[in-house]
Amino acid sequence: MTNLKDIKNRIKSVESTKKITRAMKMVAAAKVKKAENTVKASRPFTAELNNMFRKLLNSVGSYSASTLKIKSAVDNYPELLQTREVKTVGLLVISSNKGLAGAYNANIVRKTVNKIEEYNAKGIKTILFIVGQKGISSLKRKCAQLNTEIAKTYLGVANNPSGEGAKIIVEDMAEYFVSGKIDKIEIMTTRFKNMMSYFVEEWEVLPLQTPENVKEKLHDNVIDPLMEFEPDMHNILQKVVPMYITNIIYQALLEAQASELASRMTAMSAATTNAEKMIQTLSVEYNKSRQFAITQEIIEVVSGSNSQMK
């Protein structure tokens with residue numbers, strides 16, 4: 001039989017683990033509700049901004065950067081709207097800084113690797129922009145094997161998604177896009193569904209997927225008479241395009257954070273349940289071993305007494 005002291009130590013160890021997993025579950029449960037409310041509150045704004053942006057593009061004629069004051073790459077909206085032959089794709093991969101979230105980070109990394117391999121098969125190069133320490137550490141080991149490189153990494157924004165954090169990412173990726181280092185921008189993120197599930201998704205950011213009828217109007221200089229522009233349409237578009245791209249990345253960060261917390265809460269709940277079952281199993285084993293030891297001692301005492309009587 002197993003040593004009683006060893007079983008007792010294992011029970012104490014599992015009980016300690018159970019306390020940790022239960023605490024992590026409670027923390028994640030408290031945070032995920034707030035994250036869920038934030039995601040659901042931001043979705044209508046994102047949808048309306050997308051609709052407004054499409055209508056704005058539908059009302060603007062041909063555009064040029066010659067009359068614009070451009071301080072950074074993100075201000076050069078005519079270049080951001082350009083569609084060109086795709087030779088290099090910039091992938092923004094959104095992971096978390098912490099583990100113990102079930103298969104959350106593994107799913108993101110697996111989807112990213114599959115996407116890179118898909119582009120490699122087409123002869124298209126990929127450059128990575130990674131949010132979160134888990135994505136950085138996992139993909140850094142695979143870079144040489146996948147023939148890709150990590151251009152930028154972001155840690156703080158993984159724990160605390162914000163408009164300012166999203167703006168920093170947009171400025172970096174816009175600079176790569178405008179300079180011609182990348183010809184397309186995609187996001188590898190998760191779509192939060194509920195407390196129990198999420199989906200790994202890829203979002204296309206640049207070039208903008210403009211409908212065919214809008215493209216025709218852009219070239220024909222057709223302007224919607226219901227829209228008026230102050231000071232002029234191009235200065236407005238110069239403000240709206242960065243806002244539109246930033247909001248897409250901000251929404252992706254919010255969706256990812258809610259998905260991560262939900263995954264962690266589910267994983268820690270399962271870990272706590274497993275710890276309880278293990279404690280029960282070990283307790284039964286401890287009682288059996290203890291009973292066996294007591295019975296063995298009684299047998300030895302009786303045997304010794306019988307031998308003395310003889």
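Trainee: Which residues does Ser162 touch, not counting residues up to four places away in sequence?

Mentor: This is a predicted model. Contact here means heavy atoms within 4.5 Å. With residues up to four places away in sequence not counted, the residues that Ser162 touches are Val157 and Tyr250.

Trainee: Is Ser162 buried, partly exposed or exposed?

Mentor: Ser162 is located in the loop between helix 6 (156-159) and helix 7 (163-178). Buried means under 20% relative accessible area and exposed means over 50%. Ser162 has 26% relative accessibility, so its class is partly exposed.

Trainee: What separation do the C-alpha atoms of Ser162 and Leu254 have?

Mentor: Along the chain, Ser162 and Leu254 are 92 residues apart. In the model, the separation of their C-alpha atoms is 8.5 Å.

Trainee: Is Glu36 buried or exposed?

Mentor: Glu36 belongs to helix 1 (residues 4-59). Leaving aside neighbours within four places in sequence, Glu36 is in contact with Phe192 and Met195. The relative accessibility of Glu36 is 7%, and therefore Glu36 counts as buried.

Trainee: How are helix 3 and helix 4 oriented to each other?

Mentor: The axes of helix 3 (residues 104-121) and helix 4 (residues 133-140) come within 10 Å and cross at roughly 45°. The crossing of helix 3 past helix 4 is right-handed. Angles under 35 degrees count as roughly parallel, and 65 to 115 as roughly perpendicular. The orientation of helix 3 and helix 4 is therefore oblique.

Trainee: Which residues of helix 4 meet helix 3?

Mentor: On the side of helix 3, the residues are Asn105, Val109, Thr112 and Val113. The residues of this contact divide into three nonpolar, three polar and one charged. In helix 4, the residues that meet helix 3 are Lys134, Ser138 and Leu139.

Key: Residues numbered from 1 in each chain as written. Predicted model: local features only at pLDDT ≥ 70, side-chain atom pairs only at ≥ 80, totals over all residues. Heavy atoms only, no water. Axes fitted to C-alpha atoms, helices over the stretch in contact; angles between N-to-C directions. Helix = DSSP H or I, 4+ residues; strand = E, 2+ residues; numbered from the N terminus. Parallel < 35°, antiparallel > 145°, perpendicular 65-115°, else oblique. Left-handed = near helix turned anticlockwise from the far one by under 90°. Nonpolar A, V, L, I, M, F, W, Y, C, P; charged D, E, K, R; others polar. Buried < 20%, exposed > 50% of the residue type's maximum accessible area, 1.4 Å probe, protein only.
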